[in-house]
Amino acid sequence: MSEPFAAPPADVLVVGSLNMDLRIRTPRLPAPGETLTGSGFDTDGGGKGANQAVAAARQGARVAMLGAVGQDAHGAALLAALQADGIDTHAVERIAGTPSGTAAILLMPDGENSIVVIPGANHALTPERVRAQADRLRQARVVVAQLECPLDAVAEALAIAREAGAVTVLNAAPVQPLGEALLGQLDWLVVNEIEAAALAGMPVPGPAEARAVAEQLRRRGPRQVLVTLGAEGLVLAGPEGTLALPAPRVQAVDTTGAGDTVVGALAAALAAGRPLREALTRAQAAAALAVTRLGTQSAMPTAAEVDALVADLHLQGDTP
């Protein structure tokens, strides 16, 4: 069972997955039946939920995590990594007889990656376990979720948070069909171009199509729809219309966790009450810094680093 509620209320409460990332650097993806020699291997804390929690904490938010890990070495390491960033893990339950989630990541020289996730204990998160943490959900300013945990548990968490007046953020990844009842609980729906295309049933090859898709998805219930486009920036559809922001120009070496960095940094900015455009600019700057470094959680920047990049972009006239 989870530990008693002892910590102060969170600015950002993340409901989601915790995985141990097993990262292999490879010259390319192997063909079926082929054996390749890789150039490196390492491990890092991961899982979309834990990644977003770390990204928010590094931006100065008081963060709590709600999820599940196994009673194994990976689970202990994942909890220790979150705690090292000051994240409250009292609501992360350790599940007996089930391994912690893992993710095998193949990283190519250009920074692109392919990932296979084994959910493990993440799938032990149930609506009942979520309801047991209802007080935490009700006291958070911003509640963030993704789809690496069971959808019924995610829906329960967002419903509790929305009823209590928290800002609700869903990163619909990995993408799956979503009903209007769930979409109507959202203040923010955050998706990349692949996820946006799947939800809208139309391709998103660039910013122009992203605007149309974001507007379409917003009509299904979310107050704001954010489509992230990597190096092409992002597109937002909200009550005041659509907005497109270019991304800072950087040399990417590892794009793993870039989207999670956007979500976590955005959540921290929203919890701090930053203006919308500033929140989006900081989220993009955080992701830009993260992709210039190898790793997932280990690559995520601090608030001071984001401050410095935003200031530098202002001086160069590149801040959107």
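In which sense do β2 and β6 pair, and over how many bridges? This is a predicted model, and in it the two strands β2 and β6 run parallel, joined by seven bridges.

Is T102 buried or exposed? Its relative accessibility is 17%, and since the cut-off for buried is under 20%, T102 counts as buried. Setting aside neighbours within four places in sequence, T102 is in contact with N19, M20, H74, V116, V117 and I118.

**The nine-stranded sheet**

Elsewhere to explore is an open sheet of nine strands with mixed pairing, in the order β5-β4-β1-β8-β9-β10-β11-β12-β13. Its edge strands are β5 (88-95) and β13 (241-245), each of which pairs on one side only. From one strand to the next, the twist averages 15°. Helix α1 (residues 48-58) packs on this sheet and touches β1 (12-15), β4 (63-70), β8 (142-145) and β9 (167-171). The direction of helix α1 makes about 155° with that of β4.

Within the sheet, β11 (residues 224-228) and β12 (residues 234-238) pair over four bridges in the antiparallel sense. V227 stands opposite V235 in β12.

| Strands | Sense | Bridges |
|---|---|---|
| β2 and β6 | parallel | seven bridges |
| β11 and β12 | antiparallel | four bridges |

**The whole protein**

Stepping back, the protein has 11 helices and 13 strands. Its radius of gyration is 18 Å, close to the 20 Å that the globule rule gives for 320 residues, so the protein is as compact as a globular protein of that length. Taken along the principal axes, the C-alpha atoms fill a box of roughly 50 × 50 × 40 Å.

How much of the protein is buried? Buried residues make up 52% of the 320 residues. Among contacts with a separation of 6 or more, 67% are between residues 24 or more positions apart. The accessible surface comes to about 13100 Å², and 55% of that surface belongs to carbon and sulfur atoms.

Terms used: Residues are numbered from 1 along each chain as its sequence is written. This is a predicted model: local features need pLDDT of at least 70, side-chain atom pairs count only at pLDDT 80 or more; totals for chains, interfaces and linings use all residues. Side-chain values use heavy atoms; hydrogens and water are left out. Two strands pair if DSSP finds at least two bridges between them. Axes are lines fitted to C-alpha atoms, for helices over the stretch in contact, and angles run from 0 to 180 degrees between N-to-C directions. Contact means heavy atoms within 4.5 Å. The radius of gyration is taken over C-alpha atoms; the globule rule is 2.2 Å times the number of residues to the power 0.38. Buried means under 20% relative accessible area, exposed over 50%, partly exposed in between (1.4 Å probe, protein chains only). Accessible areas come from the Shrake-Rupley method with a 1.4 Å probe; for residues, only the protein chains shown count as cover.
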